[in-house]
Amino acid sequence: MATKLSLTFRFPVEKSPKPRKSKPGVPQLNCCNGYGFSKNNSGFRGQLSMKVNAVQDEAIQSSNSETNLLSQTIPPSSSKLVLVVGATGGVGQLVVASLLNRNIKSRLLLRDPEKASSLFGNQDEEKLQVVKGDTRNPADLDPSIFEGVTHVICCTGTTAFPSKRWDGDNTPERVDWEGVRNLVSALPSSLKRVVLVSSVGVTKFNELPWSIMNLFGVLKYKKKGEDFLCESGLPFTIIRAGRLTDGPYTSYDLNTLLKATAGQRRAVVIGQGDNLVGEVSRLVVAEACIQAMDIAFTEGKIYEINSVGGEGPGTDPEKWEELFKTARA
């Protein structure tokens, strides 16, 4: 059964009770309230001047949506340490931006740690840690990577069809199956939750229209990754996303990420049984992952998620819990 609520995003900035000391030459994080976003990202490499243009150039973001943004403050959560895998991808970077804005400690597992600096700036290590590793290589997944980690959000993925992103053996089999298998095998049993981003249609990859998407095995391998996690004994939640929209914003910096919006598609539809067909904002998927970590009854469950026109729950935990609860019914 699917349920629908609307979604409006605002990640209010929570000031730390103690000022954090930055390293010499390290820029301070300047988070912005609300979301605004420019589609025109060509040539952008994190220059501060482009943040203004990003807001001005986005014609589809109305001023009305800004006045309707949620105003609640999200308290810091020092008890969590969230490992984000695939943190510089389309969904992962939004997960990280939201965790930083919530003052939730994060650790990023990245093939190229330098990408984290260009996206998120040089953060205090008490708030953001970056470790180098590749889930495709089991030897990279040293137990020290997972020390102190309480939650994991895995947003790894590649394109369904051959593209430049496949360069370097970055195929669906290597990323969505072998990478997920290696990661899950290395995770400690002490984790409170593992959230995996997957795709709608994984149970129907031999049926039209899904068989077209699965010509090179992306849905089949995502399902194998899902199954391995389900059978691992770890506490998990799987979020199957519809066709991803809004972004990816991979050439933007953190301040611009924090101004991104889902435009008019803020309403959320959640279902179970792999019956949803449609699109979903990457912003919605990122928020669903973060919310699912703290909802007890989502443990051991698989959900599909879409987004449509309308207002919505934003970062309100009670509204998200109702969404997941109604979907479960």
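Entry 1. The model I am reading is predicted.

Entry 2. I looked up helix α3, residues 92–101, against helix α9, residues 282–292; their axes lie 9 Å apart and the packing angle is about 55 degrees. I therefore class α3 and α9 as oblique to each other. I recorded their crossing as right-handed. On the α3 side, the contact is made by Leu-94, Val-95, Ser-98 and Leu-99, and on the α9 side by Arg-282, Leu-283, Ala-286, Glu-287 and Ile-290. Sorted by class, this contact of α3 with α9 holds six nonpolar, one polar and two charged residues.

Entry 3. I then asked how many of the residues of α3 are buried. Ten of the ten are, so α3 is largely enclosed by the rest of the structure. The buried residues of α3 include Gly-92, Gln-93 and Asn-101, as well as Leu-94 and Leu-99. After α3 comes Asn-103, for which I noted a positive phi, near 60 degrees.

Entry 4. I turned to helix α5, residues 172–186, and helix α7, residues 218–230, whose axes come within 8 Å and cross at roughly 5 degrees. I therefore class α5 and α7 as roughly parallel to each other. From α5, the residues that meet α7 include Trp-177, Val-180, Arg-181 and Val-184; among their partners in α7 are Tyr-221, Lys-224, Phe-228 and Leu-229. The contact of α5 with α7 divides into eight nonpolar, two polar and five charged residues.

Entry 5. In soluble globular proteins, nonpolar side chains tend to be buried together. The largest nonpolar core here has 42 residues, and Ile-305 and Phe-324 have the most contacts inside it. I found that α9 gives the most to this core, with eight residues. Another core, of 21 residues, lies apart from it and includes Leu-109, Leu-183, Leu-229 and Phe-236.

Entry 6. Lastly, I took totals for the chain. I counted ten helices and eleven strands. Of its 329 residues, 54% count as buried. Among contacts with a separation of 6 or more, residues 24 or more positions apart account for 79%.

Definitions and conventions: Residues numbered from 1 in each chain as written. Predicted model: local features only at pLDDT ≥ 70, side-chain atom pairs only at ≥ 80, totals over all residues. Heavy atoms only, no water. Axes fitted to C-alpha atoms, helices over the stretch in contact; angles between N-to-C directions. Helix = DSSP H or I, 4+ residues; strand = E, 2+ residues; numbered from the N terminus. Parallel < 35°, antiparallel > 145°, perpendicular 65-115°, else oblique. Left-handed = near helix turned anticlockwise from the far one by under 90°. Contact = heavy atoms within 4.5 Å. Nonpolar A, V, L, I, M, F, W, Y, C, P; charged D, E, K, R; others polar. Core = buried A, V, L, I, M, F, W, Y, C linked by side-chain atoms within 4.5 Å. Buried < 20%, exposed > 50% of the residue type's maximum accessible area, 1.4 Å probe, protein only.
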